[in-house]
Amino acid sequence: MSVERTTVAEEIIVAGWMDYEPADRDTMLRHLLEVGKRTRAEEPGCLDYAMTADPTDGRRIRVYERWVSQEALDEHFTTAHIREFRAVTSAPARVGASLKTFSVAVARSLR
């Protein structure tokens, strides 16, 4: 069986979760979905940006982002839409989080 492998210069994946009080999760998710739309539209270094409600945990938002480089991710945190997002979402505090970045050198198709 042949496995297709692609060597990439550098790709960064951000993955994990963030927990909020159940009453705050949907509000945070709406803000995250809006920032995701802007990120995908305005940042060419963003390959994917998805925040989803965990179907089994009323507090949890799952995080998945894919970037062309660490520099693109670093730049993301300096954008106007991230500053605006942080300003409007400062009230609901996270009650837990596990977010990690992964550097990817080789990607292969999953069959």
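This is a tutorial dialogue on reading the features of one predicted model.

Student: What should I know about the model before reading it?

Tutor: Residues are numbered from 1 along each chain as its sequence is written, and side-chain values use heavy atoms, with hydrogens and water left out. The model is predicted, with local features needing pLDDT of at least 70 and side-chain atom pairs counting only at pLDDT 80 or more, while totals for chains, interfaces and linings use all residues.

Student: Which pattern does the protein follow along the sequence?

Tutor: Helices (H or I, at least four residues) and strands (E, at least two) are DSSP runs, numbered from the N terminus. Here the protein has 3 helices and 4 strands, and reading along the sequence gives β-α-β-β-α-α-β. The C-alpha trace spans about 50 × 35 × 20 Å along its principal axes.

Student: How much of the contact set comes from residues 24 or more positions apart?

Tutor: A contact means heavy atoms within 4.5 Å. Among contacts with a separation of 6 or more, 75% are between residues 24 or more positions apart.

Student: Now the pocket. What is its volume, and what lines it?

Tutor: The general idea first: rolling a probe the size of a water molecule over the atoms shows where empty space is left. On a 1 Å grid over the protein atoms alone, a pocket is an open set of points where a 1.4 Å probe fits, with protein on both sides within 12 Å along at least five of seven lines; lining residues have an atom within 4 Å of a point. Grid points are joined across faces, edges and corners, and the volume is the space filled by probe spheres set on the points.

Tutor: In this structure, the largest pocket has a volume of about 400 Å³. Its lining holds 21 residues, and Met18, Phe77, Phe85, Arg94 and Leu99 are the ones nearest its centre.

Student: Which elements each supply at least two residues of that lining?

Tutor: They are strands E1 (5-19), E2 (46-53), E3 (60-67) and E4 (96-108), together with helices H1 (22-42) and H3 (80-88). By class, the lining has 14 nonpolar, 3 polar and 4 charged residues. In this scheme Ala, Val, Leu, Ile, Met, Phe, Trp, Tyr, Cys and Pro count as nonpolar, Asp, Glu, Lys and Arg as charged, and the others, Gly among them, as polar.

Student: Where is Thr89, and is it buried or exposed?

Tutor: Thr89 sits in the loop between H3 and E4, and it is buried, with a relative accessible area of 9%. Its side chain reaches the backbone oxygen of Phe85 at 2.6 Å. Leaving out residues up to four places away in sequence, Thr89 touches Met28 and His31.

Student: How many salt bridges does the structure hold?

Tutor: Side chains of opposite charge can pair when their charged atoms come close. The criterion is a side-chain nitrogen of Lys or Arg within 4 Å of a carboxyl oxygen of Asp or Glu. The structure holds 9 salt bridges. In one of them, Glu11 pairs with Arg66, with the closest N and O atoms 2.7 Å apart. Glu11 lies in strand E1 and Arg66 in strand E3, so this pair ties together parts that are 55 residues apart in sequence. Glu11 is buried at 12% relative accessible area, whereas Arg66 is partly exposed at 27%.

Student: Which residues are linked in a network of salt bridges?

Tutor: Asp19, Asp57, Arg59 and Arg60 are linked in this way. Arg59 and Asp19 meet at 3.3 Å, N to O. Arg59 is in the loop between E2 and E3 and Asp19 in strand E1, so the pair ties together parts 40 residues apart in sequence. Asp19 is buried, with a relative accessible area of 2%, while Arg59 is partly exposed at 34%.

Tutor: Asp57 and Arg60 also form a salt bridge, with the closest N and O atoms 4.0 Å apart. Asp57 counts as buried at 16% relative accessibility. Arg60, found in strand E3, is buried as well, with a relative accessible area of 14%. Not counting residues up to four places away in sequence, Arg60 touches Trp17, Met18, Asp19, Arg25, Thr52, Ala53 and Asp54.

Methods: Buried means under 20% relative accessible area, exposed over 50%, partly exposed in between (1.4 Å probe, protein chains only). A polar contact is a pair of N or O atoms within 3.5 Å; within protein, one must be able to donate a hydrogen and the other to accept it, and residues adjacent in sequence count only if both atoms are side-chain atoms.
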